Amino acid sequence: MVTNGQMTPRRGALAIALLLGASAGLVLSAPADAAKVGVAAAVNPDAFSSLSGVPNKQLNIGKSIFYNERIKTTANGLVQVLLVDGSTFTVGPNSNLVIDKFVYDPKKKTGEVVATFSKGSMRFIGGKLSKNAGGVKVNTPSGALAIRGGMFQGNTDRKIYSFLYGHSMTLRGRNGKVHTVYQPGYTLDLSNGFGNVRPTTAEDTAVFAKALSNRGGSSVTGNGGDGGGEGGSQGAQQQASANQAIQSVSVQDMISDATREAIATDIIEQIEELQKKEDPPPSNAPTSTPTNSPPPPPPEIDARVIHIDESGNLADFDQTFQVIDKRLVADIPAIASSELSDDHLGTRPSLQFDFPETLECIEGFCSVTDAQVIVGGEPVNYFGQAIVKPGFFGYHVISEGLAPPEQEALLSSSEQAPRGPSTLLVFGGKKYNFAPPSGKVYTFQLANDIVQGDAAPFASGASSAIGEGNAAVSPLYLKEQGAEGAPESNVWLQTSFAVGTGKDSEGQSFINVALGNWSSEEGLQGSRRGGSDLDRNNYSFSGDIASLSGPDGGHFLGNDDALPNAVLTLGGPGTEELGRDEALHDAEIILPIDFREVEGDFEGLQVSNVPDRPSEIPGGDGGTGSTYHLAAGFETPEDLTGDAASGQFKGYAAGFQQQANNRGSIRSLVNYSPDDVMLDLDSESNTVDASMRFQQFIPIRANGDIKVSKTYTYTFGGQGRSALINDDIFAALESMEPSAITETGKEIVDYETKKRLVGFNGWRPVFEEYQSPIRDRYEFSETLETKSYMISADAMGANEVLFKDQYAKGPEGETLMGPTGQPIQKRAFCQDCKYIKWGAWGTRSSYTDRRGRNVTEDTHLGWWITGDVVSPNDMPGAGDANYAGDVVGTVAKLKNGQWNQSVATGKLDAYWNFRHRAGTIDIRDFDNKNIHGVIGASKESPQNFVGGLGGKGGIVGTTAGSFVGSPGRGQTPGGIIGNFDARKLNGNWRANGIYGGTVVPPR
């Protein structure tokens, strides 16, 4: 508990000792006890177990659980099993569970748990092992279920498996089909025999609530030993308390306790309390004597409060809450505009807070349903979310009756009474003290903004494609400097990526990239970039992101022996540029991220120019607003740790460029030399630097003898503009070094009089005079104002999104399996090579052309690929090779005079004769089309090739590429990379993109 900024001594020392003792006893015991994996933490009497053919024996609290021990319940049975790593299985009535395998190294936090759940209802809460990929597998009648870092519950009768929280839940069915759920609140339903992922319904929840809660009338038995014993009857209320201990979390307890695993510790404490009640103190023990001492004062918790009223005014202040009858309460007097100060940015009425202090939580993420604020004597109910972690709590709630994401009720002057805050953000805790820098990576799970309700952090629900198709939302990665690094090398990165699938969402795509720097004192600061193409409406994203300090000034909050947590804002206090979604075309309609448009900074925040309905907001003005995200720290997967490597790479890129208010025009951007795309990774500074150069030739006369040449040069990254988490996860925004456009061509500078033949008069020719333009060469250059991003494939989850349900194949075409028995995710271009890196890029550019016109051009979602290009001297002079790989690109289709872009993938096959420096290339199954090309290289640059493309239906195009991954001078390069640009002669289909592949071993 925090009182006046000081921490009181923590409770639960005995519980921690019990947990540690159990771990030591079960993991490090003699060989005879080596099979122990856990303990029965809560039991109804109708629960039994059997081991190695021994008849069923009634389970008791405290009984050790061994691997291969079958746990079976009858119609009224219920049992909770706590494993050594902190995982818990709750087994409902008429259910069977066997722990088939349990291996755990508590020092490295590695191992594996495999269980068979053959019948009934079950809930699983992940411990240490679930943080690791493949760490937990549960075999069910429907298939093998893998859970990553979270919680699920399943019912074999209804064949439903609900994902409650975590990274992902994946089921590999008996037929080999794989289903993955990434979004909490969704259920995998296999009742139809095929399987589909759908939102969890109230009926689903009722099934598990009935099965996994106490059914009344049963007793709790046991005395804490392996041998069982009868014990005394405790009643249904005590059993319900034992069950509740898994999820019931108190803000006061979480602030004062320094437990490493709240859920596991709560279970141990519950066991301890039950044992105390079964072993009462001796009758001669002294009894307490009533006194007339006054009761102690109620506990107090300091918090920061940010709220926005229905007129859009924002208030930001610190407040001390009291904990009374398990409620957080505070009386806050009114403040008028004349009393404004730095901490109070708007007027507010008098408020009486009444928030729940004890919440139902899953790994710290909690649902808030009964918060209340009394305004002028009238109660206003609030709902939303909270995070409760050791040393940190945060509530983000909204008043009832408001409909996210638009929050239409907030946009009017509101005749509703009472008038109070529309949204409330209340958070506090202990300042987190980081250990000395060592290059560690921290990860945070971000809660959705309660107003806009979108699953993609720092994104607007109006322009997000999340939920429309395949999607990936990353954690927020926080990497600190190495031991010898500089403080400005602390970087962070978070991304969201989605592409539409199916006819209804064809062409929809979305990407959001957020990154910056951080420090333990000043917190997290940075920006977001990205864009979306939804139903031919293009948006570009921008806005500043910052963390908010708690009441004691700390930006990262939490117990030092636990994990840091934070509260983040896009366009809120502490930022300069509001979160903004800008439409490319004036005719588009865009909704604000939040519910207000704001002029200037947050000094004297006031609403201006807000229409009655969001749909009337003009798209050309762009939407503005702010979002808030509670960020909970979680253990970092081991595959994210380790030093990143520095390196320089060259390659190719492609993308389509659209100009504002010219929907009927689209230009392809491709480069023809690997020197045009440069990528530089610097692990010492955790930074990325990159550049791209594209040249366009635009004919202005039909015979093509007069052309305009445009060259675009885009720059990305640098200190504060990029983040390098590891070799595969990195991104960059537009750099401080400006991007530019240069244009060369011929222009009319004067006229001269000339004569031309117009006919004959008899045999005499007839001429007439005319004014012929005199053209002269010109050169024009201009700095581009850009909002850009460049991101690696692994940072955006591109492999999982673009190649969903596709797995790595062996030499005979067999599916490759990982060490945990799960299939390995397919990775584009090469499964495991460090010499190819790829990802996406995009930009919104503005400049004044040479005629003085303002031009805005957009590339929403382009692609890039780089590698360590082979030197000319290392290329073989004889022999040949085949290469196979993948194609990723963008297809543009002209429909009703407008271009619609969509992401497409395909296969690559290539052949090369090193002696003749020539070969062929085939792009297969790309947007249901096959494209063939003939390629060749010069004697001076045998490592780089170019060629022409053709295909059925009048497809023509060009390609350029390079060989990469040289194993040594004169040896066959390991791979190829390149780009392509194709179109149909009828003018209604265009495509460009990247490709890459690795050498096919000769048979």
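Biologist: Which residues is Pro-199 in contact with, leaving aside its neighbours within four places in sequence?
Modeller: Pro-199 is in contact with Gly-185, Tyr-186, Thr-187 and Asp-204, where contact means heavy atoms within 4.5 Å. This is a predicted model, in which local features need pLDDT of at least 70 and side-chain atom pairs count only at pLDDT 80 or more, while totals for chains, interfaces and linings use all residues. Residues are numbered from 1 along each chain as its sequence is written, and side-chain values use heavy atoms, with hydrogens and water left out.

Biologist: And where is the place of Pro-199, buried or exposed or partly exposed?
Modeller: Pro-199 sits in strand β20, residues 196-199, and it counts as partly exposed because its relative accessibility is 48%. Buried means under 20% relative accessible area, exposed over 50%, and partly exposed in between, with a 1.4 Å probe and protein chains only. Strands (E, at least two residues) and helices (H or I, at least four) are DSSP runs, numbered from the N terminus.

Biologist: How many helices and strands does the protein chain have?
Modeller: The protein chain has 7 helices and 61 strands, and buried residues make up 56% of its 1003 residues. Of the contacts with a separation of 6 or more, 63% are between residues 24 or more positions apart.

Biologist: Switching topic, how many cavities of 30 Å³ or more turn up in the whole structure?
Modeller: The search finds 6 cavities of 30 Å³ or more, and the largest cavity holds about 50 Å³ of space. On a 1 Å grid over the protein atoms alone, a cavity is a set of points where a 1.4 Å probe fits but cannot get out, and lining residues have an atom within 4 Å of a point. Grid points are joined across faces, edges and corners, and a volume is the space filled by probe spheres set on the points.

Biologist: Which residues lining the largest cavity are the closest to its centre?
Modeller: Of the 13 residues that line the largest cavity, the closest to its centre are Gly-530, Ser-540, Lys-787, Tyr-789 and Thr-843. The elements that give two or more residues to this lining are β36 (523-534), β37 (537-542), β51 (764-792), β52 and β53 (854-867).

Biologist: What about Thr-843, then: buried or exposed?
Modeller: Thr-843 counts as buried because its relative accessibility is 3%, and it lies in strand β52, residues 836-848. Not counting residues up to four places away in sequence, Thr-843 touches Tyr-714, Thr-786, Lys-787, Ser-788, Glu-857, Asp-858 and Thr-859.

Biologist: Which residue in a loop has a positive phi although it is not a glycine?
Modeller: One of them is Phe-458, with a positive phi of about 60 degrees, in the loop between β31 (441-446) and β32 (469-473). Most residues other than glycine have a negative phi. Asn-928 also has a positive phi, near 60 degrees, and its place is in the loop between β56 (918-926) and β57 (929-936).

Biologist: Is each of those buried or exposed?
Modeller: Phe-458 is buried, because its relative accessible area is 0%, whereas Asn-928 counts as exposed because its relative accessibility is 78%.

Biologist: Last one: where is Arg-721?
Modeller: Arg-721 is in the loop between β47 (707-717) and β48 (722-724), and it counts as buried because its relative accessibility is 16%. Among the residues that Arg-721 touches, not counting those up to four places away in sequence, are Leu-515, Arg-529 and Glu-734.

Key:
1 Å grid on protein atoms, 1.4 Å probe; cavity = no way out; pocket = protein on both sides within 12 Å on 5 of 7 lines; lining within 4 Å.
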